[in-house]
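I opened my notebook to look up a few helices, charged pairs and rings. Here is what I wrote down as I went.

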Amino acid sequence: MRSLFSIFLITIFVGCTLQASAQKLNQIQVIGSHNSYKSQMAPELLSYLSKVNPAASQSLEYAHIPLEEQLDLGLRNLELDVFHDPEGGRYADPKGLEIIKSAGGKTPDYDPTDALSKPGLKLFHIQDLDFQSHYLLFADALKALRTWSDNNPDHTPIFILINAKDGNIPGTRPVLPFTATALDSIDLEIRTHLGMENLITPDMVRGKYSSLEEAVLAGNWPILKDVRGKFLFVLDENEEKIDRYLTAKPELKDAVLFVNKKEGNSTAGFRIINNAEKEEAYIRDLVKKGYMIRTRADSDTKQARTNDYSTFEKAKTSGAQVISTDYYYPSTFFKSDYRINFEGNRFERPNPVLQNN
(Lines give C-alpha, C1' and ligand atoms only; values in the text may rest on other atoms or scores of the structure.)
Protein backbone atom coordinates (compact mmCIF):
# COMPACT_ATOMS: atom_id res chain seq x y z
CA MET A 1 0.00 0.00 0.00
CA ARG A 2 1.43 3.35 -1.03
CA SER A 3 2.14 5.86 1.68
CA LEU A 4 0.48 9.24 1.65
CA PHE A 5 3.93 10.76 1.05
CA SER A 6 4.44 8.63 -2.07
CA ILE A 7 1.03 9.63 -3.42
CA PHE A 8 1.88 13.25 -2.69
CA LEU A 9 5.16 12.98 -4.65
CA ILE A 10 3.42 11.29 -7.59
CA THR A 11 0.75 14.01 -7.62
CA ILE A 12 3.42 16.72 -7.65
CA PHE A 13 5.32 14.95 -10.46
CA VAL A 14 2.22 14.49 -12.61
CA GLY A 15 1.17 18.09 -12.01
CA CYS A 16 4.58 19.42 -13.01
CA THR A 17 4.65 17.20 -16.10
CA LEU A 18 1.21 18.38 -17.21
CA GLN A 19 2.16 22.00 -16.55
CA ALA A 20 5.36 21.62 -18.61
CA SER A 21 3.52 19.95 -21.48
CA ALA A 22 0.98 22.81 -21.53
CA GLN A 23 3.60 25.58 -21.44
CA LYS A 24 2.94 28.17 -24.12
CA LEU A 25 5.36 29.97 -26.37
CA ASN A 26 5.03 33.24 -24.46
CA GLN A 27 5.79 31.56 -21.12
CA ILE A 28 9.53 31.30 -21.73
CA GLN A 29 12.37 33.81 -21.60
CA VAL A 30 15.35 33.53 -23.94
CA ILE A 31 18.59 35.40 -24.59
CA GLY A 32 19.85 36.13 -28.08
CA SER A 33 22.15 38.41 -30.02
CA HIS A 34 21.91 41.85 -31.60
CA ASN A 35 23.18 42.34 -35.19
CA SER A 36 23.86 38.63 -35.08
CA TYR A 37 25.53 38.35 -38.51
CA LYS A 38 28.22 40.97 -37.75
CA SER A 39 31.86 39.95 -38.05
CA GLN A 40 34.80 42.08 -36.99
CA MET A 41 35.44 45.40 -38.72
CA ALA A 42 38.89 46.11 -40.09
CA PRO A 43 40.90 48.01 -37.43
CA GLU A 44 41.76 50.69 -40.00
CA LEU A 45 38.07 51.47 -40.43
CA LEU A 46 37.50 51.68 -36.68
CA SER A 47 40.53 53.97 -36.40
CA TYR A 48 39.20 56.18 -39.19
CA LEU A 49 35.76 56.37 -37.57
CA SER A 50 37.31 57.18 -34.18
CA LYS A 51 38.58 60.44 -35.69
CA VAL A 52 35.39 61.29 -37.56
CA ASN A 53 32.83 60.11 -34.99
CA PRO A 54 34.37 58.67 -31.79
CA ALA A 55 31.03 57.62 -30.27
CA ALA A 56 30.04 55.72 -33.41
CA SER A 57 33.41 54.01 -33.53
CA GLN A 58 33.07 52.82 -29.93
CA SER A 59 29.54 51.57 -30.55
CA LEU A 60 30.82 49.34 -33.38
CA GLU A 61 33.52 47.63 -31.35
CA TYR A 62 31.87 44.22 -31.14
CA ALA A 63 31.51 41.14 -33.35
CA HIS A 64 29.74 37.79 -33.27
CA ILE A 65 30.59 34.17 -33.86
CA PRO A 66 28.74 32.53 -36.81
CA LEU A 67 24.97 32.09 -36.50
CA GLU A 68 25.14 28.31 -36.18
CA GLU A 69 27.68 28.55 -33.35
CA GLN A 70 25.42 31.00 -31.51
CA LEU A 71 22.56 28.51 -31.77
CA ASP A 72 24.85 25.66 -30.66
CA LEU A 73 25.68 27.76 -27.60
CA GLY A 74 21.96 27.97 -26.76
CA LEU A 75 20.96 31.41 -27.99
CA ARG A 76 17.41 31.48 -29.33
CA ASN A 77 17.10 35.00 -30.72
CA LEU A 78 18.87 36.53 -33.72
CA GLU A 79 18.70 39.93 -35.39
CA LEU A 80 19.29 40.30 -39.13
CA ASP A 81 19.61 43.56 -41.11
CA VAL A 82 18.66 43.35 -44.78
CA PHE A 83 19.26 45.70 -47.72
CA HIS A 84 17.16 45.71 -50.89
CA ASP A 85 19.25 44.81 -53.95
CA PRO A 86 17.03 43.14 -56.58
CA GLU A 87 19.55 43.44 -59.41
CA GLY A 88 22.71 42.66 -57.43
CA GLY A 89 26.05 44.46 -57.32
CA ARG A 90 24.88 47.61 -55.56
CA TYR A 91 27.14 46.99 -52.55
CA ALA A 92 29.85 44.93 -54.26
CA ASP A 93 32.67 47.48 -53.91
CA PRO A 94 32.45 49.09 -50.46
CA LYS A 95 34.07 52.53 -50.16
CA GLY A 96 35.62 51.41 -46.89
CA LEU A 97 38.15 49.36 -48.87
CA GLU A 98 39.85 52.59 -49.95
CA ILE A 99 40.10 53.72 -46.33
CA ILE A 100 41.74 50.42 -45.40
CA LYS A 101 44.20 50.62 -48.32
CA SER A 102 45.10 54.26 -47.65
CA ALA A 103 45.92 53.33 -44.04
CA GLY A 104 48.24 50.58 -45.23
CA GLY A 105 45.94 47.77 -44.14
CA LYS A 106 45.32 44.45 -45.80
CA THR A 107 42.11 44.23 -47.81
CA PRO A 108 39.80 41.77 -46.02
CA ASP A 109 38.49 38.77 -47.92
CA TYR A 110 34.99 39.96 -47.19
CA ASP A 111 33.19 38.40 -50.19
CA PRO A 112 35.01 35.24 -51.30
CA THR A 113 32.03 33.84 -53.26
CA ASP A 114 31.11 37.14 -54.97
CA ALA A 115 27.77 37.07 -53.16
CA LEU A 116 27.30 40.84 -53.35
CA SER A 117 27.08 40.70 -57.13
CA LYS A 118 24.06 38.38 -56.98
CA PRO A 119 20.45 39.63 -56.89
CA GLY A 120 18.58 39.45 -53.61
CA LEU A 121 18.52 40.84 -50.09
CA LYS A 122 21.93 41.56 -48.60
CA LEU A 123 22.90 41.06 -44.97
CA PHE A 124 25.32 43.47 -43.29
CA HIS A 125 25.26 46.43 -40.90
CA ILE A 126 26.20 49.73 -42.60
CA GLN A 127 26.78 50.25 -46.31
CA ASP A 128 30.42 51.03 -47.24
CA LEU A 129 31.62 50.98 -43.61
CA ASP A 130 30.50 48.02 -41.49
CA PHE A 131 30.14 45.63 -44.43
CA GLN A 132 31.70 42.40 -43.13
CA SER A 133 29.18 39.66 -42.37
CA HIS A 134 29.18 35.93 -41.75
CA TYR A 135 26.57 35.72 -44.52
CA LEU A 136 26.30 38.50 -47.11
CA LEU A 137 23.18 37.04 -48.71
CA PHE A 138 20.04 36.83 -46.60
CA ALA A 139 19.20 33.69 -48.55
CA ASP A 140 22.46 32.02 -47.53
CA ALA A 141 21.83 32.83 -43.86
CA LEU A 142 18.35 31.31 -44.13
CA LYS A 143 19.74 28.15 -45.75
CA ALA A 144 22.28 27.82 -42.95
CA LEU A 145 19.53 28.22 -40.34
CA ARG A 146 17.42 25.58 -42.10
CA THR A 147 20.33 23.13 -42.11
CA TRP A 148 21.04 23.77 -38.43
CA SER A 149 17.36 23.34 -37.57
CA ASP A 150 17.09 20.09 -39.54
CA ASN A 151 20.06 18.80 -37.54
CA ASN A 152 18.50 19.95 -34.24
CA PRO A 153 14.77 19.32 -34.83
CA ASP A 154 13.67 19.62 -31.20
CA HIS A 155 15.10 23.10 -30.62
CA THR A 156 13.15 25.81 -28.84
CA PRO A 157 11.65 28.21 -31.41
CA ILE A 158 14.11 30.81 -32.66
CA PHE A 159 12.94 34.42 -32.66
CA ILE A 160 14.42 36.48 -35.50
CA LEU A 161 14.10 40.25 -35.73
CA ILE A 162 14.40 41.82 -39.17
CA ASN A 163 15.53 45.38 -39.78
CA ALA A 164 14.82 46.55 -43.34
CA LYS A 165 17.68 49.03 -43.76
CA ASP A 166 17.11 51.93 -46.13
CA GLY A 167 18.61 54.88 -44.30
CA ASN A 168 21.04 57.05 -46.24
CA ILE A 169 24.26 58.01 -44.44
CA PRO A 170 26.36 60.99 -45.62
CA GLY A 171 29.41 59.85 -47.55
CA THR A 172 28.03 56.39 -48.30
CA ARG A 173 26.23 55.13 -51.39
CA PRO A 174 22.44 55.68 -51.51
CA VAL A 175 20.35 52.68 -50.54
CA LEU A 176 17.16 51.48 -52.19
CA PRO A 177 13.93 52.14 -50.26
CA PHE A 178 11.85 49.33 -48.85
CA THR A 179 8.56 49.75 -50.68
CA ALA A 180 5.65 47.42 -49.94
CA THR A 181 6.87 45.12 -52.72
CA ALA A 182 10.43 45.16 -51.39
CA LEU A 183 9.20 44.34 -47.88
CA ASP A 184 7.15 41.49 -49.30
CA SER A 185 10.37 40.12 -50.83
CA ILE A 186 11.55 39.43 -47.27
CA ASP A 187 8.55 37.13 -46.86
CA LEU A 188 9.32 35.47 -50.18
CA GLU A 189 12.93 34.67 -49.32
CA ILE A 190 11.96 33.28 -45.91
CA ARG A 191 9.21 31.11 -47.43
CA THR A 192 11.58 29.87 -50.12
CA HIS A 193 14.53 28.97 -47.95
CA LEU A 194 12.94 27.97 -44.64
CA GLY A 195 9.56 26.64 -45.76
CA MET A 196 6.18 27.62 -44.32
CA GLU A 197 6.03 24.37 -42.35
CA ASN A 198 8.95 25.63 -40.25
CA LEU A 199 7.41 28.98 -39.34
CA ILE A 200 5.23 30.36 -36.57
CA THR A 201 3.06 32.90 -38.38
CA PRO A 202 0.45 35.50 -37.43
CA ASP A 203 -2.22 33.30 -39.05
CA MET A 204 -1.25 30.42 -36.74
CA VAL A 205 -1.59 32.59 -33.63
CA ARG A 206 -4.76 34.35 -34.83
CA GLY A 207 -6.57 31.06 -35.34
CA LYS A 208 -10.34 31.48 -34.97
CA TYR A 209 -10.10 35.04 -33.60
CA SER A 210 -10.97 38.10 -35.66
CA SER A 211 -7.56 39.74 -35.21
CA LEU A 212 -4.08 38.90 -34.04
CA GLU A 213 -4.35 41.19 -31.04
CA GLU A 214 -7.63 39.60 -29.95
CA ALA A 215 -5.96 36.18 -30.11
CA VAL A 216 -2.93 37.39 -28.16
CA LEU A 217 -5.08 38.91 -25.42
CA ALA A 218 -6.96 35.60 -25.24
CA GLY A 219 -3.69 33.74 -24.71
CA ASN A 220 -3.76 31.95 -28.06
CA TRP A 221 0.01 31.56 -28.42
CA PRO A 222 0.81 27.95 -29.43
CA ILE A 223 1.85 25.25 -26.97
CA LEU A 224 5.64 25.24 -26.86
CA LYS A 225 6.04 21.52 -27.52
CA ASP A 226 3.96 21.87 -30.70
CA VAL A 227 6.23 24.50 -32.26
CA ARG A 228 9.66 23.14 -31.45
CA GLY A 229 11.94 23.27 -34.47
CA LYS A 230 10.27 26.41 -35.84
CA PHE A 231 11.15 30.08 -36.39
CA LEU A 232 9.21 33.26 -35.62
CA PHE A 233 10.11 36.45 -37.56
CA VAL A 234 9.34 40.04 -36.51
CA LEU A 235 9.65 43.21 -38.60
CA ASP A 236 11.40 45.59 -36.21
CA GLU A 237 10.70 48.87 -37.94
CA ASN A 238 9.04 52.26 -37.62
CA GLU A 239 5.32 52.81 -38.02
CA GLU A 240 5.56 54.10 -41.59
CA LYS A 241 7.49 51.09 -42.84
CA ILE A 242 5.24 48.67 -40.98
CA ASP A 243 2.20 50.28 -42.59
CA ARG A 244 3.86 49.77 -45.97
CA TYR A 245 4.25 46.07 -45.20
CA LEU A 246 0.60 45.92 -44.14
CA THR A 247 -0.51 47.21 -47.53
CA ALA A 248 1.00 44.01 -48.94
CA LYS A 249 -0.28 41.88 -46.06
CA PRO A 250 -3.51 43.43 -44.73
CA GLU A 251 -4.23 42.35 -41.15
CA LEU A 252 -1.12 40.13 -41.48
CA LYS A 253 -3.12 37.51 -43.35
CA ASP A 254 -0.81 35.13 -45.19
CA ALA A 255 2.14 37.05 -43.67
CA VAL A 256 5.45 35.62 -42.51
CA LEU A 257 6.39 38.58 -40.32
CA PHE A 258 4.86 39.76 -37.09
CA VAL A 259 5.11 43.55 -36.79
CA ASN A 260 6.04 45.94 -34.00
CA LYS A 261 2.64 47.59 -33.72
CA LYS A 262 1.66 49.32 -30.49
CA GLU A 263 -1.06 47.68 -28.42
CA GLY A 264 -4.55 48.73 -29.38
CA ASN A 265 -3.95 47.86 -33.04
CA SER A 266 -5.48 44.76 -34.59
CA THR A 267 -2.03 43.58 -35.77
CA ALA A 268 -0.31 44.04 -32.39
CA GLY A 269 1.17 40.97 -30.77
CA PHE A 270 4.94 41.19 -30.64
CA ARG A 271 6.41 44.45 -29.31
CA ILE A 272 9.95 45.83 -29.40
CA ILE A 273 10.64 47.88 -26.25
CA ASN A 274 14.37 48.33 -25.89
CA ASN A 275 14.78 50.36 -22.69
CA ALA A 276 14.10 47.85 -19.93
CA GLU A 277 15.40 50.14 -17.17
CA LYS A 278 12.91 52.87 -18.02
CA GLU A 279 10.05 50.64 -19.17
CA GLU A 280 10.23 47.64 -16.80
CA ALA A 281 6.71 48.09 -15.37
CA TYR A 282 5.25 48.82 -18.82
CA ILE A 283 6.82 45.68 -20.27
CA ARG A 284 5.62 43.55 -17.36
CA ASP A 285 2.06 44.83 -17.79
CA LEU A 286 2.08 43.94 -21.49
CA VAL A 287 3.55 40.50 -20.82
CA LYS A 288 0.79 39.78 -18.30
CA LYS A 289 -1.81 40.81 -20.87
CA GLY A 290 -0.45 38.31 -23.38
CA TYR A 291 1.94 40.24 -25.64
CA MET A 292 5.42 39.03 -26.45
CA ILE A 293 8.20 41.56 -25.93
CA ARG A 294 11.81 41.90 -27.02
CA THR A 295 14.11 44.15 -25.00
CA ARG A 296 17.87 44.64 -24.67
CA ALA A 297 20.40 43.87 -21.96
CA ASP A 298 22.93 46.32 -23.38
CA SER A 299 23.54 48.66 -26.29
CA ASP A 300 26.37 50.50 -28.03
CA THR A 301 28.96 48.64 -25.86
CA LYS A 302 28.15 50.97 -22.93
CA GLN A 303 27.15 48.42 -20.28
CA ALA A 304 30.01 46.11 -21.20
CA ARG A 305 32.61 48.85 -20.74
CA THR A 306 31.49 49.50 -17.16
CA ASN A 307 30.34 45.98 -16.18
CA ASP A 308 26.86 47.37 -15.59
CA TYR A 309 24.22 44.64 -15.28
CA SER A 310 21.38 46.89 -14.13
CA THR A 311 19.65 46.92 -17.52
CA PHE A 312 19.88 43.14 -17.79
CA GLU A 313 18.40 42.73 -14.31
CA LYS A 314 15.43 44.91 -15.27
CA ALA A 315 15.05 43.01 -18.55
CA LYS A 316 14.85 39.73 -16.66
CA THR A 317 12.34 40.85 -14.08
CA SER A 318 10.20 42.63 -16.69
CA GLY A 319 9.25 39.24 -18.13
CA ALA A 320 10.20 40.27 -21.67
CA GLN A 321 10.33 36.96 -23.51
CA VAL A 322 13.33 37.90 -25.65
CA ILE A 323 16.45 39.67 -24.35
CA SER A 324 19.23 40.57 -26.75
CA THR A 325 22.89 41.23 -26.02
CA ASP A 326 26.21 41.68 -27.78
CA TYR A 327 27.94 39.82 -24.95
CA TYR A 328 27.08 36.17 -24.53
CA TYR A 329 30.89 36.06 -24.46
CA PRO A 330 33.06 38.84 -22.94
CA SER A 331 34.42 41.48 -25.30
CA THR A 332 37.56 40.84 -27.32
CA PHE A 333 37.88 44.56 -28.12
CA PHE A 334 38.40 45.93 -24.60
CA LYS A 335 39.02 44.57 -21.11
CA SER A 336 35.74 43.58 -19.48
CA ASP A 337 34.22 40.60 -17.68
CA TYR A 338 30.71 41.58 -18.76
CA ARG A 339 28.79 38.54 -19.99
CA ILE A 340 25.06 37.91 -20.26
CA ASN A 341 23.37 34.62 -19.39
CA PHE A 342 20.88 33.14 -16.95
CA GLU A 343 21.77 31.12 -13.87
CA GLY A 344 23.81 28.01 -14.73
CA ASN A 345 25.23 29.61 -17.88
CA ARG A 346 21.94 29.05 -19.71
CA PHE A 347 20.16 31.19 -22.31
CA GLU A 348 16.62 29.96 -21.80
CA ARG A 349 14.35 29.63 -18.76
CA PRO A 350 10.68 29.76 -17.68
CA ASN A 351 9.29 33.28 -17.81
CA PRO A 352 9.51 34.76 -14.28
CA VAL A 353 6.31 36.77 -14.73
CA LEU A 354 4.23 33.99 -16.31
CA GLN A 355 5.67 30.78 -14.91
CA ASN A 356 2.75 30.27 -12.53
CA ASN A 357 0.07 31.20 -15.09
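**Entry 1: helix α6**

I began with the buried residues of α6, which are Phe138, Ala139, Ala141, Leu142, Ala144, Leu145, Trp148 and Ser149. I kept in mind that this is a predicted model. An α-helix has 3.6 residues a turn, so residues three or four places apart point the same way. What do the buried residues of α6 pack against? I found α4 (67–73), β2 (77–83), β3 (122–123), β4 (158–164), α7 (180–194) and β5 (231–235). I also checked the span: α6 covers residues 138–151, and its first and last C-alpha atoms are 20 Å apart, close to the 20 Å expected for its 14 residues.

**Entry 2: helix α7**

Next I turned to α7, one of the elements that α6 packs against. The 15 residues of α7 should span 21 Å at 1.5 Å a residue, and the end C-alpha atoms are 21 Å apart, which agrees. In α7 I noted Ala182, Leu183, Ser185, Ile186, Asp187, Glu189, Ile190 and Leu194 as buried. The cover over these buried residues includes β2, α6, β4, β5, α10 and β6. After α7 comes glycine 195, and I jotted down its positive phi, near 85°.

**Entry 3: salt bridges**

How many salt bridges are there? I got a count of 26, and I followed up a few.

Glutamate 79 pairs with arginine 294, with the closest N and O atoms 3.1 Å apart. Glutamate 79 is in strand β2 and arginine 294 in strand β8 (residues 292–296), so this pair ties together parts 215 residues apart in sequence. Are the two partners buried or exposed? Glutamate 79 has 4% relative accessibility and counts as buried; arginine 294 is buried too, at 2%.

Then I looked at aspartate 254 and arginine 191, whose side chains meet at 3.4 Å, N to O. Aspartate 254 sits in the loop between α10 (239–248) and β6 (257–259), while arginine 191 belongs to helix α7, so the pair ties together parts 63 residues apart in sequence. Aspartate 254 is partly exposed at 46% relative accessibility, and arginine 191 is partly exposed at 24%.

Lysine 261 and aspartate 243 form a salt bridge at 2.8 Å, N to O. I placed lysine 261 in the loop between β6 and β7 (270–272) and aspartate 243 in helix α10, 18 residues apart. Lysine 261 counts as buried at 6% relative accessibility, whereas aspartate 243 is partly exposed at 34%.

I also logged a network of salt bridges that links Arg146, Asp150 and Glu197.

**Entry 4: rings**

I counted 11 aromatic pairs. Phenylalanine 159 and phenylalanine 270 make a tilted one, with 6.3 Å between centres and 45° between planes. Phenylalanine 159 lies in strand β4 and phenylalanine 270 in strand β7, so the pair ties together parts 111 residues apart in sequence. Both phenylalanine 159 and phenylalanine 270 are buried.

Tyrosine 328 and tyrosine 329 have ring centres 5.6 Å apart and planes at 55°, so I filed that pair as tilted. Tyrosine 328 is buried at 2% relative accessible area, but tyrosine 329 is partly exposed at 37%.

Last, I looked at a cluster in which ring pairs link Tyr309, Tyr327, Phe334 and Tyr338. The charged end of arginine 305 sits over the ring of phenylalanine 334, 4.2 Å from its centre. Lysine 38 lies over the face of tyrosine 62, 5.0 Å from the ring centre.

Notes
Residues numbered from 1 in each chain as written. Predicted model: local features only at pLDDT ≥ 70, side-chain atom pairs only at ≥ 80, totals over all residues. Heavy atoms only, no water. Helix = DSSP H or I, 4+ residues; strand = E, 2+ residues; numbered from the N terminus. Expected span 1.5 Å × (residues − 1). Buried < 20%, exposed > 50% of the residue type's maximum accessible area, 1.4 Å probe, protein only. Contact = heavy atoms within 4.5 Å. Salt bridge = Lys/Arg side-chain N within 4 Å of Asp/Glu carboxyl O. Phe/Tyr/Trp six-rings, centres within 6.5 Å; stacked < 30°, edge-to-face > 60°. Lys NZ or Arg CZ within 6 Å of the ring centre and 35° of its normal.
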